[in-house]
Structures are given as C-alpha cells and as structure tokens.
Amino acid sequence: MDFSDPITAAFIGAAATVLTALFQLRYSWRRELKERERGQPITKKTRRGPVIAVFVLLIAAAVGGFFLSQYIVSLREDDQVSLRAELHAQLSELNASAARLEEARLGERGEIEAGILRAAAARGGEEGVAASVLVGPCRVDSTAASGTKSPCSEQSAVRVAVCARVPSSATVKDVQLYTRFEDAQQSWADSRVQAGHDAGQAKFVEKFFERPDGDAARQVCQGFVNWSSEKARLARVVVKYSL
C-alpha cells in the first residue's frame with residue numbers, strides 16, 4: 001500500500017513511542033522487582049514510572065489510531081473518486097451508445113421514408129399524372145370596313161398548353177389526351193382522342209414538349225386549340241412515366 005508522507009511519519013512516531021513506552025515499563029517493573037527482593041523501600045517516583053509509561057503508551061495508541069482512521073478515510077475517499085470516475089466513464093459510454101443507436105435509427109427511418117416516397121412516385125407514374133384546362137370558345141372577329149364577321153379557324157384560334165408535372169428523373173412512357181365540351185356528361189374514358197386528329201373544331205397538336213420546373217421536376221405539355229365559336233372545351237392530359 002502507498003502511504004502519504006504525513007501518515008508514514010505518524011506511524012513511525014507512534015510505533016517508536018509505543019516501543020519506548022513498553023521498554024520503559026518493562027525496565028521499571030524489573031527494577032521494582034529487584035528492589036523488592038533486596039527489601040529497599042519503593043519511592044513515589046518509582047511507583048509513578050509504570051503509570052507514566054502506560055499513559056505515554058495510551059497517548060501513542062490514540063495518535064496511531066487517529067492517523068490510522070485518517071488513512072482509512074483517505075482510502076475510502078480515493079475509492080469514491082475512483083468509483084465516480086468509473087461511473088462517469090460508463091455513463092459517457094452509454095450516452096455515446098445511445099447517440100449511435102439514435103443516429104442509426106434516424107438513418108433507417110430516412111431510408112424507409114425514401115423508399116416509401118420512391119414507391120409512391122413509381123405508383124404515381126404507373127397511374128399517371130393528370131392536368132386539365134378549360135378553353136373558352138373562339139371569338140369571331142368583325143371587320144370594321146365591311147361589317148362582316150370572320151369565322152374562327154384553327155389558324156386564328158388561340159393555342160394553349162396543358163402541362164402535367166413529373167419528377168425530373170422520370171422517363172415519359174405515354175401521354176393520353178382527352179377533350180369534351182364543358183357541359184358534356186360523358187366520362188373521360190369516352191372522351192379520349194389522338195394527337196393531331198380533329199375532335200370537333202378542336203384538337204391536340206401532334207407532339208408533346210417539355211420544360212423545366214425547378215431542380216426536382218419538369219413539365220410535360222401538350223398544345224391544344226379550340227376554334228369552336230359556340231362552346232368551351234375541357235382539355236385533359238394524363239402523363240404516365242417510370243423512374
């Protein structure tokens with residue numbers, strides 16, 4: 001065991017005092033026995049000798065016990081410090097493990113969410129992204145000179161674009177086209193038309209085009225023209241894609 005310098009000195013001093021007191025006590029007792037054998041009177045000084053030796057011995061024992069208790073207390077304090085350090089290290093390790101588990105859990109959650117989003121996007125591509133627009137009737141121009149009206153034509157009617165938004169990484173598989181009058185009761189399934197074909201004074205242009213829409217998406221657009229001067233038309237596109 002490692003002792004501090006004050007405790008070591010106290011132990012040495014107490015041990016020396018105790019040994020000295022014992023030696024003096026033994027010497028006094030032997031001298032008293034010899035004096036009794038010779039019949040010499042025993043003086044007060046002679047009688048006080050053993051008492052003083054015992055008193056010194058008690059003091060030495062008390063000093064030694066005090067420093068021994070201090071040493072035990074210091075050992076306990078050292079043990080407590082070591083225990084606290086060990087507990088602190090274990091607590092730090094537990095916190096680090098908890099942080100790693102939380103990070104792994106968040107990573108797994110992010111992967112799961114990304115997988116769900118990819119699956120939803122793929123499912124949306126299979127089902128198709130729809131967009132529609134209402135195109136009003138063509139306005140007939142009147143000539144001021146003759147007072148006659150110029151009928152609407154495909155060339156004079158206003159052309160609009162019907163655009164559906166898809167992810168930027170999507171590959172367009174099909175663009176389905178639909179049109180019907182605004183007040184028509186027929187379903188969209190019965191209103192499908194082909195690009196470039198006349199659908200009753202209205203039609204979609206032959207080819208779709210694309211344009212950017214931010215970093216994560218783009219628009220797939222189909223031109224539409226309505227030259228009917230009587231009724232408005234609904235134009236609808238459904239874009240199917242794969243990722």
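# Notebook: a look through a predicted model

**Entry 1, the whole chain.** I began with contacts in the protein between residues at least 6 apart in sequence, and 71% of them join residues at least 24 apart. I note here that the model is predicted. Next I looked up the secondary structure, which comes to two helices and ten strands. Reading along the sequence, I wrote down the pattern α-α-β-β-β-β-β-β-β-β-β-β. Of the 243 residues in the protein, 24% are buried. I also looked up the accessible surface, which comes to about 16900 Å², with 56% of it belonging to carbon and sulfur atoms.

Which residues have the most contacts inside the largest nonpolar core? I found Val 162, Val 166, Leu 177, Phe 204, Phe 224, Val 237 and Val 239, in a core of 18 residues. I then checked which strands supply this core: E1 (129-135), E4 (159-167), E5 (171-181), E7 (202-204), E9 (217-226) and E10 (233-242) each give at least two residues. The largest share, four residues, comes from E10. Apart from this core I found another, of five residues, including Cys 138, Cys 152, Val 225 and Trp 227.

Leaving aside its neighbours within four places in sequence, I found Val 166 in contact with Ala 217, Arg 218, Val 220, Val 239 and Tyr 241.

How many disulfides does a search of the whole structure find? My search gave two. In one of them, Cys 138 is joined to Cys 152, with 2.1 Å from S to S. This link is left-handed, with -90° about the S-S bond. I placed Cys 138 in the loop between E1 and strand E2 (141-142), and Cys 152 in the loop between strand E3 (149-150) and E4, so to speak two distant parts of the chain, 14 residues apart. Both Cys 138 and Cys 152 are buried.

Cys 163 and Cys 221 form a disulfide too, with their sulfur atoms 2.0 Å apart. Is this one left-handed or right-handed? The torsion about the S-S bond is about 110°, so I noted the disulfide of Cys 163 and Cys 221 as right-handed. The pair links distant parts of the chain, with Cys 163 in strand E4 and Cys 221 in strand E9, 58 residues apart. I looked up Cys 221 as well: its relative accessible area is 1%, so Cys 221 is buried. Counting bonded cysteines along the chain, I got the pattern 1-2, 3-4.

I counted two aromatic pairs. Tyr 178 and Trp 188 form an edge-to-face pair, 6.3 Å centre to centre, with 75° between the planes. Tyr 178 lies in strand E5 and Trp 188 in the loop between E5 and strand E6 (192-193), ten residues apart. Are these two buried or partly exposed? Tyr 178 is buried because its relative accessible area is 9%, while Trp 188, at 22%, is partly exposed.

The rings of Phe 204 and Phe 224 have centres 4.8 Å apart and planes at 55°, so I wrote this pair down as tilted. Phe 204 is in strand E7 and Phe 224 in strand E9, 20 residues apart. Both Phe 204 and Phe 224 are buried.

My last stop was Phe 181. The charged end of Lys 231 sits over the ring of Phe 181, 5.1 Å from its centre. The charged end of Arg 233 also sits over the ring of Phe 181, at 4.1 Å from the centre.

Terms used:
Residues numbered from 1 in each chain as written. Predicted model: local features only at pLDDT ≥ 70, side-chain atom pairs only at ≥ 80, totals over all residues. Heavy atoms only, no water. Core = buried A, V, L, I, M, F, W, Y, C linked by side-chain atoms within 4.5 Å. Buried < 20%, exposed > 50% of the residue type's maximum accessible area, 1.4 Å probe, protein only. Contact = heavy atoms within 4.5 Å. Disulfide = S-S within 2.5 Å. Areas by Shrake-Rupley, 256 points an atom, 1.4 Å probe, with all protein chains shown as cover. Phe/Tyr/Trp six-rings, centres within 6.5 Å; stacked < 30°, edge-to-face > 60°. Lys NZ or Arg CZ within 6 Å of the ring centre and 35° of its normal.
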